[in-house]
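Work through the exercises below with the structure in view. Each task is followed by its solution.

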Amino acid sequence: DAVVAVIMPFVQQNIQNEDWRLRDAAMMAFISMLDGPKEETIGPSVSQSVPVLLSLLNDPHVMVRDTAAHCISRICLLHIRFIPTDIFPTLLQALIAKCGEGSPKVASQACSALYNLASAFSEEASQQQESNALSRHMQILLETLLRVCDRADADEANLRVAAMEAISVLISNSANDVLPIMAQLLPAFIQRFEATFAMQDFDASDKLKKEQTQGLLCAVFQALYRKLDKSTVLPHTDTVMQQLLRVLQIKNANCHEECFSAISAIADVMESDFAKYMIALQPFLIQGLRNFQAYQVCMVAVGTVGDISRNIEAQIQPFCDEIMNALIESLKDSTIHRSVKPPVISCFGDIAMAIGPAYQPYLQFSMMLLMQASSTRAPEDDEDLIEYFNLLRESILEAYVGIVQGLRDGNLLNQFMQYVPSVLQFLEDLANDPNRDDFVLNKAIGLVGDLAQALGPQIRDQINKQFVAKLISDGMASGDPSMAEMSAWASQVVAQACQ
């Protein structure tokens with residue numbers, strides 16, 4: 001905070017200096033202060049700076065315009081609430097104008113500023129508001145950014161990437177009143193995606209550009225499918241899936257991660273109707289699950305399997321032998337990146353809930369792996385490992401919950417009884433673990449409740465224990481309303497089981 005009082009006089013004295021180098025230096029000094037001081041310390045200076053920075057977007061010198069755009073981008077990222085409300089429309093218009101700037105570098109900074117500006121509306125978007133401050137500008141923003149993508153120099157200064165990422169976040173954070181605009185975008189982006197297959201890829205540079213463009217378009221598809229309803233996307237989805245499957249046919253493509261994420265979004269919208277794509281998709285899903293070297297792709301493929309399972313439910317059963325074999329292989333592979341294991345374990349629960357009694361052939365082996373994973377301990381003095389083990393334990397609990405619920409739906413809980421002592425021992429270990437985080441506690445309480453509800457009097461003596469009471473009381477005292485509600489429910493079903 002003390003730096004602000006020292007540096008601001010230099011900024012104020014030089015930001016409009018006749019020497020462009022001093023104007024540029026003043027803005028660079030200001031940028032360096034944006035991340036660090038308390039909001040109340042730097043906020044007033046930010047509010048005062050915005051009109052000056054907007055004027056500097058039209059500075060005669062390209063480096064000053066570039067720095068001004070970068071400074072506005074940082075303000076949009078870090079201090080959006082200090083941009084005066086009456087200046088907001090002027091700011092948007094100025095950034096739109098700079099997207100057409102001759103310099104790709106300035107245009108790229110303007111696109112990044114729009115990305116950061118749109119990102120600030122994520123909370124409003126999650127509440128599905130009817131309108132927001134972006135709505136009246138949405139048409140011109142999207143048209144401008146699409147023109148940027150088509151610039152002859154869009155490969156320079158990361159310009160096309162910045163424009164496409166801004167488009168994706170504008171779609172994601174748009175309000176309900178611009179849904180008709182979003183609906184018009186889908187066929188337009190299908191055409192753009194189709195055009196990528198004709199792009200030349202004679203050398204590594206061309207191939208990378210093609211895959212990067214396809215990856216960015218996958219991200220736009222994902223944003224559109226998260227925003228639009230089923231009736232709107234249904235007429236286009238066969239075409240979109242055909243395009244995504246063509247991308248997955250290219251071995252070692254850099255955009256498979258984005259492609260699987262787009263498929264997850266499509267599955268969420270199409271729900272049970274997604275099942276018709278499974279025969280064509282299955283070979284590429286298995287390929288993704290076995291892509292141990294590119295572990296990020298493997299992780300996203302695992303997430304896609306979970307999403308598809310939740311949406312098509314029992315219809316995934318014919319494909320489960322291959323899927324489960326691939327998941328188990330990944331857990332047994334000692335060379336695979338450790339971050340793959342939690343989502344794989346969690347996926348067992350998704351599949352069990354989806355196929356119910358049909359999970360029985362996989363029960364013994366998956367329970368053996370879960371019990372083995374639950375017996376590992378993190379060193380007390382390694383914070384990274386403690387965080388990882390909390391993620392691992394959370395996924396184990398999710399798997400147990402899914403398996404219990406799936407077997408209950410299939411009237412096969414008697415086959416789970418032999419594993420109850422090990423599961424309860426795991427819960428007791430968690431109850432007494434000082435490094436357990438709230439996510440683990442919440443899932444542990446949920447599993448206690450599910451076990452009590454599903455098995456009832458059969459486990460009366462095993463569940464009527466001090467560690468169960470401790471888990472529930474810890475949840476009650478957590479200060480988290482949703483966890484307290486979960487704890488109250490668990491307490492009630494445990495009491496009923498113990499009668």
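**Exercise 1.** Among contacts in the protein chain between residues at least 6 apart in sequence, what percentage join residues at least 24 apart?

Solution. This is a predicted model, in which local features need pLDDT of at least 70 and side-chain atom pairs count only at pLDDT 80 or more, while totals for chains, interfaces and linings use all residues. Residues are numbered from 1 along each chain as its sequence is written, and side-chain values use heavy atoms, leaving out hydrogens and water. Contact means heavy atoms within 4.5 Å. Of the contacts between residues at least 6 apart in sequence, 72% join residues at least 24 apart.

**Exercise 2.** State how many helices and strands the protein chain has, and what share of its residues is buried.

Solution. Step one: helices (DSSP runs of H or I, at least four residues) and strands (E, at least two) are numbered from the N terminus. The protein chain has 24 helices and zero strands. Step two: buried means under 20% relative accessible area, with a 1.4 Å probe and protein chains only. Buried residues are 53% of the 499 in the protein chain.

**Exercise 3.** Describe how helix 10 and helix 12 pack.

Solution. Step one: axes are lines fitted to C-alpha atoms over the stretch in contact, and angles run from 0 to 180 degrees between N-to-C directions. Helix 10 (residues 179-196) and helix 12 (residues 230-248) pack at about 25 degrees, their axes 11 Å apart. Step two: angles under 35 degrees count as roughly parallel. Helix 10 and helix 12 are therefore roughly parallel to each other.

Conventions. Parallel < 35°, antiparallel > 145°, perpendicular 65-115°, else oblique. Buried < 20%, exposed > 50% of the residue type's maximum accessible area, 1.4 Å probe, protein only.
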